[in-house]
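Please look over the sequence and the 3D structure below.

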Amino acid sequence: MTRHWTQLRRARLSRRSLLRASARAGVGAAGLALVGCGDDDDDDQAQSVAQAQQQDEQQQQAMQQQEQQQAMQQQAMQQQAMQQQDDQAEQQAEQAQQQEQSAAEAQAQQEEQQAAADDNIDYNATAIGAYGSFPQILDQGSALARGGQSASNSYHYASVFPLEPQGTAITGGLGEWEFVSNEALIVRVTPGRVFHNGDPVTAEDVKFTIDRLSNKAEYNPEYNSAWTGELVWTGDNSLIDENTLRIEQAEPSVDAANSLATGGFPVFPKAVIEADGDDAYGQFPIATGPFKFVEWSPDEYIKSVRNDDYYNGRDFVGAPRMPYLAGFEARLIPEIGARVSALEAGEIDLANSIPPDLAVPLGDTGDYNVYYHPAQRGLHIKLPMTIDEDPYNPGQPNPWRDKRVRIAANLAVDVDAITQNIMTGRENYTYSLSAGQFGFAKDLVEQRWGYDPGRARELLAEAGFADGLETDLIYLSGLYTNDQLFMEAIAEMLRDVGFIVNLIPDDISKFLGEARNKELTAPYLFPQPAGFTSLGSFAIGVDSAATYEHKVEVLNDERAEIDRLIAEAKAEFDTERRRKLLEDAVRIHYTEASWLFLFELVQTHVGAARLEWDPFFLQPASVELWNLKSVKT
Amino acid sequence: MAAHLIPRLLQSIAVVFVVVSLVFVGSRLIGDPIEAYAAQNATEESIAAQRERLGLLDPLIVQYGNFLWGVVRLDFGESIFTEQPAWDEVMSRLWATVQLSLAAFILILAIGVPIGVLAAIRRGSIPDLIARLIALVGQAMPNFWLGLLLIFVFAVQLGWLPTSGRGGFENLVLPAITLAGFGAAAAMRLTRSGMLEVLSNDYIRTAQAKGLAGRTVILRHALRNALLGLVTVLGIMLAQLLAGSIIVEVVFAWPGVGRLIFRSISLRDFPVIQVGVLVIAVWFVVVNILVDLSYNILDPRIRVGSET
Amino acid sequence: MSAQGVPAEEPLVGLIARRKPWYRRLPRGWPLLTVYLAVLTLFIVCGIFADWIAPHDPTDQNLISRLQGPIWQEESKPEHILGTDGLGRDTFSRLIKGSQTSLLVIATVIPGSLVLGTAVGLLAGWRRGPFDSFAMRLVEVQLAFPALLFALLIAAMLGPSLRNVVVILIVFLWAPYARLVRAEVLSLREREFVVAARTLGASDFRVMLQHLLPNVVNSVVILATLNVSTVIIAEASLSFLGAGAGPETISWGKMVAEGRDLLKIRFWLTGFPGITIMIVALVGNLLGDWLRDFLDPQLRNIQ
């Protein structure tokens, strides 16, 4: 094993990751990710700057190779499809290896650069960024704060503990923690930390926050919390003194501290909320984050300034840190074209979520920076295993329970053609919930379902659908870059092998309800936090997947085996054995073709040339503002 | 005057009532806000409790009764999503939409009507032909496309005006032109044909025969009579600008009522949909009553003591 | 203006003069009319025979040759005259297929709203009384009702589909016919021939069908022609907001909506369907104007 492999493993097997799964029963993460909500700082996907940069470089090389392949494709696309996939599998494996070797060097290099670049930064600069949607209210703790696909206000908040780049909680934020036993956790708030309004942060505020988010706060037990899933491990909590809080664990969780460190996990000022109420707080958030809220106009703008009292300096190892920008204004510009126009007209400095077709030419002019941002969402199409009957042929069994049909669907879709031609070309194929390039269940790279429409047709015929298999295909339009395009491409590819696909862009309210009630009877596009560096995340993913997929009973032996492995892994404290158990689960999940596997989304944002940004934590939705630098020209 | 106005007011109230009731039923048919409202990991019980709290479990007729009673007390409930009063939510965006609509209406009056008059006076001239061509093209152009083209040319290529958002006067220009486009073209055509019709009437010829100068004839006689026919059409236009601004608000990121309702529909935020539509319907009937009243001012046969 | 209408002396001339050669008997403004009719015919032919005319399958994707420019630009391919969209589908074929959708909407919405509106107008104008006031209040409600919002509600309720678009447009377009027909009937009902028919014992139905209807047909046809542009633009606007035709349907409005993000770099993706919508709407309006001048110069204010 090379150095990097060990490094990655350390990340994956961090304490936090390990028991994370048990902490997060429920589907908070995945569900919120779906509507792209207040989970901006979703921390499952931590990764170092060095890795990300390295990855970028390699992906550029890969792009070049892919361009050559495209030329070949034009001559004989179909015949070469299989061959190509082998190439790509190799390529991915190579990539992973290269990455391993050079990550450390890159890290060192980057630190040097950083030091040199710091003199160039304008600390008085402000910036205006445009987003496609805004949250309804600014209370990060509320389920209603979702709807900002682009995280328009998570930067007002900071969690109890910061996260280091690998995604593990560290001390140095609001305070420190200590496990007094397997049953309880002591949180000590560092004296001198203050909210945006100048009030000191005390242990009472932390207690209040946990109570509020787990619907135990006396002032309003009906609070519509978005974070209950994060806090299922908490039992009673009691104040020891002004700065010390003891949290009993309802279930043993060494992961407890991490759930308080989750990016964007808010800390609320008790006095303010109790005095003014939830409604007022949703309009004027006071928190501890790196930016202070100034004012907003719903549907128009959110103005913030740097919180100069923010306790973590710019050289702090974790996140968030003291911002470089003195102020930031988020603007709502729903139309993509208008966002780009506004950027070009100089009205804004940063346009979030711009499709690559537009972003790349802008970057080529040299006047703009294009930020390739692995959004760490593995997109796949969930297959409707829960229903018994074929909705199109009442009385007939559900065709998706036939493995041949599921494999046919996977063989029918040329994922690489989609990512290279419609997307940025930097997307990785998803193997189940894990990404092959991270080395997790690496052997799956060789077992990848390739693109083989001929075989797909045969399988469909074998399964008794020689005349075609009619099915709906559901997705929520406009949530992800180019989603309409790639869904139409997928639908067409499925049609080519004999599926009779009715592509349905669904309405968000309807979709969420049906998904929650497990009423979806058709395949549907679904995101999963992916590209995992952590095993725990995988378990979370499977858990949340189960919430949507299972009805009551377990469907088949394979599914039962997956569930058994996950359950066993959750109780397994030995990291190596735990990893093996989860890898086995992934293998079954993938080789069973449980889903139609697609790719990990890469978002593209475009910024003015003066704005530099390196991904620190790879947040799912948008640029971390505290890491955005304005360079002097 | 009052005798005319009171039945008209009653009628208008009835119209508003029907519109709002239709929207009440329509919005209840599109499903339940709770699905988008509840947290993803919400339990069955908590979802049921939320439904209960929001009164969504009551029979439709009870909800309707509560709603009407609320309207009577001018209490429209809270937005389910922002938990702010729905009335405030709409009102805070109303001025933006009214501003846009009025700007568009002024453009229609300031461009459509005078050009129409000019074209009629100089019938068959080159300016007339150009005006007619513009009017034809303007009426055949979908306004979202016009908006996109305007952004492309004036904001991106020329950089003269901002692309979107609301701010100073310069932000208003492109959305107002876009919203006015169709109406201005229609007003131009209607003014022109109305003027032509009036100009061909006998009494104009008589006036001319009596030796009144051309300009006076046009302004005092022809224009007033032509306007009379136009008032209704312009009134309907003014009323529809408010409701029709959704597309323009979407294209130009204009923070108005149209976009609020658009989003509230997808979230099933009933109270906001209802207030939004109520405001639009009231606006419509008020404008219509104003149109009626303006007849009194413009029509010499109704006005007492006319000097003509 | 009368210059563009039917010259008043024509019938007289026709009686006295010898039969004129065919080219003298062409209606006034025929060269332009020929152009309008040619465009209209092209539109209808494309609509009906779309599947035969289109050089490519309009749903056929080719991810490698996506986003190609029209033929006069560099980096284009000769087999795609007007270029390709984001999925490599042939724009020209999609335009042709899109005309089918527009034609379908026009061919259902216009007769639908025309029949509904005319029937209501006839009844209201002839019967007067409570039905009349009810119908006129309904017209008023319909006008006060924000049509677009209603369409969005319907789409949220039933999902976007062409059928919903048709129903919505009929619901919102019958009212002008009703008002127009009612107004005409009100002026016709006291005319001698109507009174005579009534005295001779003709039934209501007979009077309306045989005496009133033929006299309102002209104005109704003119209004219908002018409505072509309204329908096309309305369908496009609904599609733009995502409440239009379903995902499987190719429509011009949707093509504009789909291409709008790339307006800056691929203008023609929105340009072609936008211009096509404009041309068809324009021809509809011009034809309506021409018909109005030809059939009934008095009705200049129909809109």
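## An aromatic group in chain A

Tyr431(A) is buried, with a relative accessible area of 1%. Buried means under 20% relative accessible area, exposed over 50%, and partly exposed in between (1.4 Å probe, protein chains only). Tyr429(A) also counts as buried, at 4% relative accessibility. The model is predicted: local features need pLDDT of at least 70, side-chain atom pairs count only at pLDDT 80 or more, and totals for chains, interfaces and linings use all residues. Residues are numbered from 1 along each chain as its sequence is written, chains are lettered from A and ligands numbered from 1 in the order in which they are written, and side-chain values use heavy atoms, with hydrogens and water left out.

The structure holds 32 aromatic pairs over all chains. Tyr429(A) and Tyr431(A) form one of them, edge-to-face, with 4.9 Å from centre to centre and 80 degrees between the planes. Rings of Phe, Tyr and Trp (its six-membered ring) pair if their centres lie within 6.5 Å; planes under 30 degrees apart count as stacked, over 60 as edge-to-face and the rest as tilted.

## A ring pair in chain C

Trp72(C) and Phe272(C) form an edge-to-face aromatic pair, 6.0 Å centre to centre with 75 degrees between the planes. Trp72(C) lies in the loop between α3 (50–53) and α4 (91–127) of chain C and Phe272(C) in helix α11 (residues 267–295), so the pair ties together parts that are 200 residues apart in sequence. Helices (H or I, at least four residues) and strands (E, at least two) are DSSP runs, numbered from the N terminus. Trp72(C) is exposed, at 52% relative accessibility. Phe272(C) is buried, at 10%.

What else does Phe272(C) contact, leaving aside its neighbours within four places in sequence? Besides Trp72(C), the list holds Pro70(C), Leu82(C), Thr91(C) and Leu95(C). Contact means heavy atoms within 4.5 Å. Phe272(C) and Phe92(C) are 180 residues apart in sequence, yet 8.7 Å apart in space, C-alpha to C-alpha.

## An enclosed helix and some positive phi angles

Helix α5 (residues 203–213) of chain A has nine of its eleven residues buried, so it is largely enclosed by the rest of the structure. Among the buried ones are Asp205(A), Phe208(A), Asp211(A) and Arg212(A). After α5(A) comes Asn215(A), with a positive phi near 55 degrees.

Leu74(B) has a positive phi, near 55 degrees, in a residue other than glycine. Leu74(B) sits in the loop between α4 (60–72) and α5 (86–121) of chain B. Leu74(B) is exposed, at 64% relative accessibility. Leu67(C) also has a positive phi near 55 degrees. Leu67(C) is in the loop between α3 and α4 of chain C. Leu67(C) is buried, at 8% relative accessibility.

## Where chain B meets chain C

This contact takes 45 residues from chain B and 42 residues from chain C. The buried area is about 4100 Å², and carbon and sulfur atoms give 76% of it. Buried area is the accessible area (1.4 Å probe) that two parts lose on being put together, summed over both. Ala140(B), Phe144(B) and Trp145(B) supply 14% of the area that chain B buries against chain C, more than any other three residues.

The interface has one salt bridge. Asp289(C) forms a salt bridge with Arg189(B), with the closest N and O atoms 3.0 Å apart. A salt bridge is a side-chain nitrogen of Lys or Arg within 4 Å of a carboxyl oxygen of Asp or Glu. On the side of chain B that touches chain C, α1(B) gives the most, with ten residues.

## Where chain C meets chain A

Here the contact takes 18 residues from chain C and 29 residues from chain A. The buried area is about 2000 Å², of which carbon and sulfur atoms give 55%. In chain C, Leu63(C), Ile64(C) and Asp261(C) lose the most area to chain A, together 29% of what that side buries.

Between chain C and chain A the count is five salt bridges. Lys264(C) and Glu344(A) meet through their side chains in a salt bridge, at 3.2 Å from N to O.
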